[in-house]
Amino acid sequence: MGNFQLSNNLVPSGDQPNAIRGLIDGLEKKKKRQILLGVTGSGKTYTVANVIAKYNKNTLVISHNKTLSAQLYTEFKEFFPNNNVGYFVSFYDYYQPESYLPQTDTYIEKDTEINEKIEQMRLESTSMLLSGEPTIIIATVSCIYSLGSPHEWREQSLTLKKEMEIDRRSIIRNLIKIRYERNDMNLTSGSFSTKGDIIDIIPGYSDDIIRISLFGHHIEKITMIDKLTKDIKKELDSIIIFPAKHYIVDQDSQKRALVSIKKELEEWYPKLPSELERQRLLSRTNYDLEMLSELGYCSGIENYSRHFDGRKRGQPAYCLLDFFDKDFLLVIDESHVTLPQIMGMYKGDYSRKKTLIDYGFRLPSAFDNRPLKFEEFEKYLNHVIYVSATPGKYEINNHDNLVEQLVRPTGLVDPQIEIKKTQGQISDLIYQIQERVSKKQRTLVTTLTKKMAEDMADYLSRNGIKVRYIHSEISGLERTELLRQLRIGEFDVLVGINLLREGLDLPEVSLVAILDADKEGFLRNYTSLIQTFGRAARNIDGKVIMYSNSVTKSIKEAVIETNRRRKKQIEFNLENKIEPKSITKPIPQKNSNISNLEVNLKAMTRNDLIELSTKIETQMNKFAEELEFEKAIEHRQHLKKVNEILLKLKSS
């Protein structure tokens, strides 16, 4: 394996040099589990990048959602432009799992929508890991779900070398065997075409064409060609073509699996409680067996994966972690959220499958198509770094080394915390917001319920403040667009229930107001409060106001910890004569797939919607009078959407 080459555009500063030394020292001393406790905006990702470059082992970074994973993927691509950086997340744009509701006798069939680009990136990730080159993979918790055997995937790959003796027919036969499709009309990822002694292949994990030029029974030349321009990118001495799918089954394994499934069916179906369940299982399984026998595939084939893999009952399936060497580095980002997700995955899957099995929809082997149990996942924690501003109980109770990164490279200190009584809180909040608006700064307001967020946003709007509110009905992409609008100043205040959102970078936000701060619970516990404080930590004027009639244990602990961090940050700035400055971060371009109107309609207050309805109706009538009927029809459709939402709000 070669070396990681970290881009030299940045130099570690603040607490980063100490954190890098501390973590590398821990790895050299064989400390298995380390914590990087880093405050918001301290450059934890860059610290981890430096550790990866110095440790020089393949690395898996796990994050708790696709949005943060995509952000990390972009950052690591910039840090390591000359090394492999892969992206491994769920390839489903839509996923409705198979399930059964016995209370209403409702069977819900599995329904999915696969994102082909993400599937290609998943294949690219595993091919990178088996290439022998230094590799970083950014993943979500989907990395603990079943995947094909890395041994089978490597063994089934096709190795081609210059001057190699092999005929055209053998290459074609081997490509079909590893799930490549012949397509002489439209060459796409995971397909190949032939023309005389030339075979063009686009691997399932690439966009480039691999051209194999034969002379008789010898490979004369191997070239990599740009798919669009058809220009030759480079000539190759050899190439490994990995399978086009992660799940590869040879004919012997398929025959063995069919026998094994039949045996399990014969043993299990008599044990079901009634004739209905027995007949249901027999008809469904026999149909699947017939499909597997004739086509090699059936709907829900993953539920028979144990039989195809030759695994024993209860044995975990292969997953992405098995594609790494034993000494790989594991980084768990925002570990206080990611680890509980991993802990809960198995039980949720088991509960759904148990109902299907009890009522004759699936054989018990369906249990073994599952994510890892947490105790199985723990076996991979040989060189792990937990990254968080608020490590959870598991990390605190199971670590060998804790490294703090409290000083930011920008010299920014944690925001000031102020606790105010709830009496007169709304008037005070409006005054505080107006003060920020005059400085062209933004405000976040957190409430406890969606109704409170809606009412608060409505009240602020009636008082002349440009406001939106964020809630669960706003999708991930729409949420990103809403935050972009906040940053560019289309509105000044964002009201929501849970705005702690780890990794949320909003340098323009200088005030975070927390209503009902003394209502102890998930949204007002120590971890949530510290994370929420961090949303104001990227602006030099950052401040947090908690409206509360009492000081709870969580408030007390969060304030003490914040003041401890502030003290260290201020002392460092004085010693090193650092002048704090706000973080500057470019505002991303608007996503062309997201409609501004759709996003705003979901986030607008009733008062704003009424104003918008009047404005659209006026414009519609104007276009109609000017005989611009296409524009008038477009405005009529917009007006219909606005009025539908207003009617819905009125009825609720």
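The following legends describe close-up views of a predicted model. Local features need pLDDT of at least 70, side-chain atom pairs count only at pLDDT 80 or more, and totals for chains, interfaces and linings use all residues. Residues are numbered from 1 along each chain as its sequence is written, and side-chain values use heavy atoms, with hydrogens and water left out.

View A. G38 has its place in strand β1 (residues 33–38), whereas K44 belongs to helix α2 (residues 44–55); helices (H or I, at least four residues) and strands (E, at least two) are DSSP runs, numbered from the N terminus. With a relative accessibility of 0%, G38 counts as buried, as does K44 at 14%, buried meaning under 20% relative accessible area, exposed over 50% and partly exposed in between (1.4 Å probe, protein chains only). Not counting residues up to four places away in sequence, G38 touches K44, S388, A389 and Q405, where contact means heavy atoms within 4.5 Å.

**View B. The aromatic pair of Y46 and F79.** Y46 in helix α2 and F79 in helix α3 (residues 66–79) are 33 residues apart.

**View C. The aromatic pair of Y350 and F367.** Y350 and F367 are stacked, at 4.6 Å centre to centre and 15° between the planes.

Definitions and conventions. Rings of Phe, Tyr and Trp (its six-membered ring) pair if their centres lie within 6.5 Å; planes under 30 degrees apart count as stacked, over 60 as edge-to-face and the rest as tilted.
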